[in-house]
Amino acid sequence: MSLSIRNQIPGTVASVTPGEVMAAVRVRLAGGQEITAAITREAVRELGIEAGSAVRTLIKSTEVALATGAVEGLSIRNQIPGTVTEVATGGAMAGVKVAVAGGELTAAITRDAAEDLGLAAGSEVIALIKSTEIALAAS
């Protein structure tokens with residue numbers, strides 16, 4: 001199956017913590033980082049997700065925010081360090097490619113934000129992704 005979602009990073013489920021309706025699924029990515037995806041318990045059951053399962057994390061580029069340094073006091077727990085490899089700007093938007101351990105993320109942010117942050121190839125950044133914006137596909 002082909003998808004339009006550019007950010008697809010393989011990983012292995014480290015743990016599943018079920019809640020009333022949703023489950024928090026911790027995934028160890030190919031590069032060693034861990035991120036959390038909040039998905040429905042029904043999806044966990046239907047996809048057969050359990051500790052040790054191979055999955056692919058799927059993240060829309062519009063759901064990736066960037067910071068130029070560590071961020072504290074924030075509810076976003078998925079904070080992945082990386083290095084900008086490319087900034088492509090258009091009229092209002094910018095596509096920023098970020099090399100992270102084990103893969104690459106693309107962030108779609110406003111051109112103004114890219115300029116205000118001074119983003120260019122070689123810039124160190126932190127990719128911020130809410131757990132509710134991460135989908136999982138069984139591998």
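Predicted model: local features only at pLDDT ≥ 70, side-chain atom pairs only at ≥ 80, totals over all residues.

Colleague: Start with the whole chain. Which domains does the assignment give?

Modeller: Domain 1 covers 7–59 + 131–138, and domain 2 covers 61–129. Their C-alpha centres lie 22 Å apart. The contact takes 12 residues from domain 1 and 12 residues from domain 2.

Colleague: What makes the sheet with β3 and β10 an open one, and what is its strand order?

Modeller: The order is β3-β2-β1-β4-β10, with antiparallel pairing. β3 and β10 are the edge strands, and each pairs on one side only. Neighbouring strands are turned by 45° against each other on average, direction ignored.

Colleague: How do you know that β4 and β10 are paired?

Modeller: Pairing takes at least two bridges. Four bridges join β4 to β10, and the two strands run antiparallel. They therefore count as a pair.

Colleague: Why is β3 described as largely enclosed?

Modeller: Five of its seven residues are buried, so the rest of the structure largely encloses β3.

Colleague: Now Q33. Is this residue buried or exposed?

Modeller: Buried. Its relative accessible area is 14%, and the label applies under 20%. Q33 sits in the loop between β2 (22–29) and β3 (34–40). Not counting residues up to four places away in sequence, Q33 touches V27, R28, I80, V100 and A101.

Colleague: What makes the approach of Q33 to A101 a close polar one by distance?

Modeller: A polar atom of the Q33 side chain lies 3.1 Å from the backbone oxygen of A101. The distance cut-off for a polar contact is 3.5 Å. The 3.1 Å value is therefore within that limit.

Colleague: Move to the other sheet. Which strands does it hold, and in what order?

Modeller: Five strands, in the order β5-β9-β6-β7-β8, with antiparallel pairing. β5 (65–67) and β8 (103–110) each have a single partner strand, so one side of each is left without a neighbour in the sheet. The twist averages 45° from one strand to the next.

Colleague: How do you know that β6 and β7 pair?

Modeller: Six bridges link β6 (residues 78–89) and β7 (residues 93–100), in the antiparallel sense. At least two are needed, so the pair qualifies. A88 stands opposite G95 in β7.

Colleague: Why does S131 get a label of its own, partly exposed?

Modeller: Its relative accessible area is 25%. Buried means under 20% and exposed means over 50%, so S131 falls in between. S131 also lies in the loop between β9 and β10. Not counting residues up to four places away in sequence, S131 touches T36, A37, A38 and N78.

Colleague: Last, the largest nonpolar core. Which residues touch the most other members?

Modeller: L66 and L136, out of 31 residues. β1 (7–18), β2, β3, β4 (54–59), β6, β7, β8 and β9 each supply at least two residues.

Colleague: What makes this core one that draws on both domains?

Modeller: At least three of its residues come from each of domain 1 and domain 2. As for L136, its contacts beyond four places in sequence include V25, V27, I39, L47, I49 and V55.

Note on methods
Residues numbered from 1 in each chain as written. Heavy atoms only, no water. Axes fitted to C-alpha atoms, helices over the stretch in contact; angles between N-to-C directions. Buried < 20%, exposed > 50% of the residue type's maximum accessible area, 1.4 Å probe, protein only. Polar contact = N/O pair within 3.5 Å; in protein donor to acceptor, adjacent residues only side chain to side chain. Contact = heavy atoms within 4.5 Å. Core = buried A, V, L, I, M, F, W, Y, C linked by side-chain atoms within 4.5 Å. Domains from an automatic or database assignment.
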